[in-house]
Amino acid sequence: MAKQFSGHYHVYIGQEATAVAACAALGQDDFIFTTWRNHGHLLARGAAPERMLAEILGKSGGYAGGKSGTLHLSARELGIPSTSALVGGALPLATGAALACKHRGSGVTLCFFGDAALEEGAFYEAMIIAAVWHVPIIFVCENNSIPPEQRKRGQFTSSTLPAARLADVPQSLQVSAETVDGSDMTALADCFDRIVPEVRNGAGPRFLEVRCTRWPGSFPLWPELPSGAWQIAWAFDQKPDRADLAAWINQSDPLTLYTRKLVEAGTLDRAQLETIDKRVCEDITGAARFALDSPYPTPADAYRHVFATGERGQ
Ligand SMILES: Cc1ncc(C[n+]2csc(CCOP(=O)(O)OP(=O)(O)O)c2C)c(N)n1
Ligand SMILES: [Mg+2]
């Protein structure tokens with residue numbers, strides 16, 4: 001896919017366990033709202049990778065016929081009505097969807113966002129309205145802010161906030177809040193499996209801070225592979241050749257850590273995991289082929305799915 005995509009993009013590498021655990025706890029009636037890291041959330045919700053990749057390339061086979069691009073991936077049929085690329089932009093929309101869930105008597109809404117959203121006014125509006133209306137919403141803050149070497153002992157702050165603990169902020173607005181380790185798949189699954197039914201049964205809004213550590217390749221403005229693609233062998237007997245990548249794999253990568261945990265627990269063996277990895281790689285290669293082969297939309301398509309065509313009435 002090299003050089004097929006022009007424009008800025010954001011990766012979800014290192015945060016995958018959050019989306020997987022969250023979406024696994026949801027049902028069909030539920031909504032999710034997301035950000036520029038939307039592709040991880042959509043995949044976890046069951047979106048088709050070929051339609052997502054086609055959308056990212058602006059092709060007609062994409063979820064929005066190539067009109068939304070990477071920043072606005074959405075799939076209404078999966079309960080993902082829209083994606084906002086504004087920091088904090090999805091929170092008020094998600095709170096509205098949660099109010100709709102409350103009125104119709106079914107469904108919960110889960111809103112993913114980054115730690116910088118806590119410096120936006122929209123965050124406080126959404127927290128207050130959600131608490132006052134007591135709507136079924138889970139605010140999932142993926143805090144990937146401070147690299148390990150810059151963290152003070154025992155702390156996990158955000159570079160954009162003076163608060164020492166992010167969970168204190170919503171707590172002060174009567175939204176119950178807790179914190180979970182984003183590299184620990186089991187802890188995340190336990191957390192979402194507990195919180196989602198509570199919110200579904202009328203417990204009111206919740207805030208969850210998921211503490212993640214960024215993959216070393218995502219620090220440049222244009223993310224780049226620091227040492228080839230992720231390899232399942234790194235979970236076993238091989239090591240990446242860069243020291244920072246090796247440290248991140250061993251301490252913070254949820255995928256590597258969970259792969260090792262499954263083997264240690266005897267749930268799956270190495271051969272089974274390699275088979276799964278191979279199948280996923282083949283699926284993604286097929287999805288990339290579909291996206292590359294998909295035609296661009298025609299000029300006439302620009303006038304489809306719009307409220308006004310620009311033509312004056314007689
Ligand atoms: C209102 C607004 N201001 C600025 C930007 C530019 N911008 C895009 S991503 C980003 C940082 C967001 O950080 P965070 O919310 O922590 O999410 P992360 O990218 O770390 O997952 C900024 C400032 C924006 N998209 N929207
Ligand atoms: Mg962040």
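# Reading the labels in a predicted model

Tutor: The buried residues of helix α9 pack against α1 (16–24), α8 (243–251) and α10. Keep in mind that this is a predicted model.

Student: Which residues of α9 are buried?

Tutor: Helix α9 covers residues 254–264, and its buried residues are Pro254, Thr256, Thr259 and Leu262. Each is called buried because its relative accessible area is under 20%. After the helix comes Gly266, with a positive phi near 75°.

Student: What makes Leu73 count as buried or exposed?

Tutor: Its relative accessible area is 0%. The cut-off for buried is under 20%, so Leu73 is buried. The residue sits in the loop between α3 (49–56) and α4 (90–104).

Student: Which residues does Leu73 touch, not counting those up to four places away in sequence?

Tutor: They are Asn38, His39, Leu42, Met52, Glu55, Ile56, Ser68 and Thr83. Contact means heavy atoms within 4.5 Å. For one of these residues, Glu55, the C-alpha to C-alpha distance to Leu73 is 7.3 Å, and the two are 18 residues apart in sequence.

Student: How do you know whether Ser294 is buried or exposed?

Tutor: Set its 8% against the limit: buried is under 20%, so Ser294 is buried. Ser294 lies in the segment after α10 (270–293). Apart from neighbours within four places in sequence, Ser294 is in contact with Lys59, Ser60 and Gly61.

Student: What makes Asp115 and Asn144 donors of the magnesium ion?

Tutor: A donor here is an N, O or S atom within 2.8 Å of the metal. Asp115 (OD) and Asn144 (OD1) lie 2.1 to 2.2 Å from the magnesium ion, ligand 2, so under that definition they are its protein donors. Asp115 is in the loop between β2 (109–114) and α5 (121–133), and Asn144 is in the loop between β3 (137–143) and α6 (168–171), so the pair ties together parts that are 29 residues apart in sequence.

Student: Is Asp115 buried or exposed, by its relative accessible area? And what of Asn144?

Tutor: Asp115 has 6% and Asn144 has 8%. With buried set at under 20%, Asp115 is buried, and Asn144 counts as buried.

Student: What polar atoms lie within reach of an oxygen atom of ligand 1, for instance in Arg214?

Tutor: A polar side-chain atom of Arg214 is 2.8 Å from a ligand 1 oxygen. For Trp36 the distance from a side-chain N or O atom to a ligand oxygen is 3.0 Å, and for Asp115 it is 3.0 Å. A polar contact is a pair of N or O atoms within 3.5 Å, so the pairs of Arg214, Trp36 and Asp115 meet the definition. Ligand 1 taken alone exposes 580 Å², of which the protein buries 62%.

Student: How do the residues of the shell around ligand 1 divide?

Tutor: Six are nonpolar, two polar and four charged. Among them are Val87, Gly114 and Glu120.

Student: What value of phi does Gln174 have? What of His305?

Tutor: Phi is near 70° for Gln174 and near 60° for His305. Most residues other than glycine have a negative phi. Both values are positive in a residue other than glycine.

Note on methods. Residues are numbered from 1 along each chain as its sequence is written. Chains are lettered from A and ligands numbered from 1 in the order in which they are written. This is a predicted model: local features need pLDDT of at least 70, side-chain atom pairs count only at pLDDT 80 or more; totals for chains, interfaces and linings use all residues. Side-chain values use heavy atoms; hydrogens and water are left out. Helices (H or I, at least four residues) and strands (E, at least two) are DSSP runs, numbered from the N terminus. Buried means under 20% relative accessible area, exposed over 50%, partly exposed in between (1.4 Å probe, protein chains only). A residue is near a molecule or strand if one of its heavy atoms lies within 4 Å of it. A polar contact is a pair of N or O atoms within 3.5 Å; within protein, one must be able to donate a hydrogen and the other to accept it, and residues adjacent in sequence count only if both atoms are side-chain atoms. Accessible areas come from the Shrake-Rupley method with a 1.4 Å probe; for residues, only the protein chains shown count as cover. Ala, Val, Leu, Ile, Met, Phe, Trp, Tyr, Cys and Pro count as nonpolar, Asp, Glu, Lys and Arg as charged, and the others, Gly among them, as polar. Donors are N, O and S atoms within 2.8 Å of the metal (3.2 Å for Na, K and Ca); water is not among the atoms, so sites may look incomplete.
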